Amino acid sequence: MDEIISLAIQKLTPITPAVDKIALAKKFGLFVAPNSSHNRDWLLPALQELCTRNLPLRLEEAKKLDMWTVLKVWEVQFELSHSGVAQNISDIEQLIKRRFGLE
């Protein structure tokens, strides 16, 4: 099963928007395996993309996610925009992992 998930991630990554990646990760249980390579390759980059962009989630995007995920994205966006400190990629990744329980 792990090989099938890896193949699907490999094929879908370049053509799947970040919100859809997160929704698929939720649907197929990638959130419950926080240290998996799938989170590193699929979920974490999608969360970073949404959390670091300068735009809030659009209504159409939020409808694809559950309320918990929408609120966590907003929390991270708020924290990054109001921290007053330029964040490096490693700090952002750690913040996302902490907020989303991916540690």
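Modeller: Before we start, a contact here means heavy atoms within 4.5 Å. Please keep in mind that this is a predicted model.

Colleague: Thanks! Which residues does Gln-48 touch, not counting residues up to four places away in sequence?
Modeller: Gln-48 sits in helix α3, which covers residues 37-52. Leaving out residues up to four places away in sequence, its contacts are Ile-89, Glu-93 and Ile-96.

Colleague: Is Gln-48 buried or exposed?
Modeller: The cut-off for burial is under 20% relative accessible area. Gln-48 has 16% relative accessibility, so this residue counts as buried.

Colleague: How many helices and strands are there in the protein?
Modeller: Happy to walk you through that. Along the sequence the pattern reads α-α-α-α-α-α. The count is therefore 6 helices and 0 strands, with helices and strands taken as DSSP runs.

Colleague: What span does helix α6 reach from its first C-alpha to its last?
Modeller: Helix α6 takes in residues 89-100, 12 residues in total. At 1.5 Å a residue, 16 Å is expected, and the model comes close to that. From first C-alpha to last, α6 reaches 16 Å.

Colleague: Where do the buried residues of α6 lie, seen down its axis?
Modeller: The buried residues in α6 are Ile-92, Leu-95, Ile-96 and Phe-100. Viewed down the axis of α6, they fall within an arc of 110°, so they line one face of the helix. In general, an α-helix has 3.6 residues a turn, so residues three or four places apart point the same way.

Colleague: Which side chain of opposite charge is nearest to Lys-21?
Modeller: Lys-21 belongs to helix α2, residues 18-27. Lys-21 is buried yet has no salt bridge. At 5.3 Å away, the nearest side chain of opposite charge is that of Glu-49.

Colleague: One last thing: how far apart in space are Ser-6 and Trp-42, C-alpha to C-alpha?
Modeller: Good one to finish on. Ser-6 lies in helix α1, residues 2-12, and is partly exposed, with a relative accessible area of 33%. Trp-42, one of the residues that Lys-21 touches, is 36 residues from Ser-6 in sequence. In space, C-alpha to C-alpha, Ser-6 and Trp-42 are 9.6 Å apart.

Technical notes:
Residues numbered from 1 in each chain as written. Predicted model: local features only at pLDDT ≥ 70, side-chain atom pairs only at ≥ 80, totals over all residues. Heavy atoms only, no water. Helix = DSSP H or I, 4+ residues; strand = E, 2+ residues; numbered from the N terminus. Buried < 20%, exposed > 50% of the residue type's maximum accessible area, 1.4 Å probe, protein only. Expected span 1.5 Å × (residues − 1). Arc of directions from axis to C-beta. Lys, Arg positive; Asp, Glu negative; His and termini not counted. Salt bridge = Lys/Arg side-chain N within 4 Å of Asp/Glu carboxyl O.
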